[in-house]
Amino acid sequence: MVADRALSLGDFRHEALGEVSSTNAECLERARQGDPGNLWLTATAQTGGRGRRGRTWHSAPGNLYASLLLIDPAPMDALGSLPLAVALAVYGAVRRVVPPGSDLVEIKWPNDILIGRRKTCGILIEGERLTDGRQAVVVGIGVNIAFKPDLSNYPVTCLREHGASASPDEVFAGLFSSMVDALSLWKRGEGVAAVVSRWRYAACGMGERITVNLTDRAISGQFSGIDDKGLLLLTQDDGRRMTIAAGDVFFEQTGLEKE
């Protein structure tokens, strides 16, 4: 990642692949082979796509499957805010192709992109410390364009259902550009305040009642936004406010559950 100047489109490379197991896995293998990073890989289909916590992500042709390899993108203690910047990039790319008058495009904490309160994108960020000491970070992004997966535990949608006629290549072109803008704003974690400010503007469900499923328990309360580091703020029924770094969010009013 370039550190001493603003990023530009020319700082990034793109390689289009056919059917692969996983664009994230391909990026990690490139990193192990010494790739310097800032590399986008896209695929027409994935046979082994996956989401958070090892869940399967349906990856047939017609949607966008893309991964971005970053090498040493920020100090380790600043990487926690990267998902917020990624969300802004995908949000911008989706808004660009959804026609005026369509359902509202929003971000659900921390980085789900919704249209009309239905999920249209999956984001999986993975990291690996390489043998040469470099830190590889892979940002995997799948956007439902032509079809949506048949999943029963939360509502999903695709761009076609909202009047968007863009192809996967066109959606990626917008994502390529908006990611440069988002990473430039993020500034290796130094620009987290600016990222958080824009994220709040696009946030879904501010002030609504939610349940957050943690690894060991579920906590309910009011979604009071995010703090200056991007952590979720939950106001519990007794008035106490707590911050949450990771969890599955359920909006009780709409039945929208995080993958």
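Five bridges link strand β9 (residues 209-213) to strand β10 (residues 218-226) in the antiparallel sense, where two strands count as paired if DSSP finds at least two bridges between them. Helices (H or I, at least four residues) and strands (E, at least two) are DSSP runs, numbered from the N terminus. The structure is a predicted model, in which local features need pLDDT of at least 70 and side-chain atom pairs count only at pLDDT 80 or more, whereas totals for chains, interfaces and linings use all residues. Residues are numbered from 1 along each chain as its sequence is written, and side-chain values use heavy atoms, with hydrogens and water left out.

Strand β12 (residues 241-244) contains M242. Apart from neighbours within four places in sequence, M242 is in contact (heavy atoms within 4.5 Å) with I219, L232, L233, L234 and Q236. The C-alpha atoms of M242 and S224 are 9.8 Å apart, with a sequence separation of 18 residues.

An open sheet of 3 strands was also identified, with the order β4-β5-β6 and antiparallel pairing. Strand β5 (residues 112-115) pairs with β6 over 2 bridges, in the antiparallel sense, and I115 has R118 of β6 as its bridge partner. Helix α2 (residues 82-97) lies across β4 and β5 and runs at about 160° to β4; axes are lines fitted to C-alpha atoms, for helices over the stretch in contact, and angles run from 0 to 180 degrees between N-to-C directions.

In helix α1 (residues 23-32), the buried residues are T23, N24, C27, L28, R30 and A31. Seen down the axis of α1, these buried residues fall within an arc of 155°, so they line one face of the helix; the arc is that of the directions from the helix axis to the C-beta atoms. The buried residues of α1 pack against β1 (13-20), β2 (39-46), β3 (64-71), β7 (121-129) and β8 (135-143). At the N-terminal end, α1 is capped by S22, a side-chain oxygen of which lies 3.2 Å from the backbone nitrogen of N24. Helix α1 is followed by G34, which has a positive phi near 105°.

Burial was assigned by relative accessible area (buried under 20%, exposed over 50%, partly exposed in between; 1.4 Å probe, protein chains only). C27 counts as buried because its relative accessibility is 0%, and C158 counts as buried because its value is 4%. The structure holds 0 disulfides, a disulfide being a pair of cysteine sulfur atoms within 2.5 Å. N144, found in the loop between β8 and α3 (168-186), likewise counts as buried, at 2% relative accessibility. The side chain of N144 reaches the backbone oxygen of T157 at 3.0 Å. Polar contacts are pairs of N or O atoms within 3.5 Å; within protein, one atom must be able to donate a hydrogen and the other to accept it, and residues adjacent in sequence count only if both atoms are side-chain atoms.
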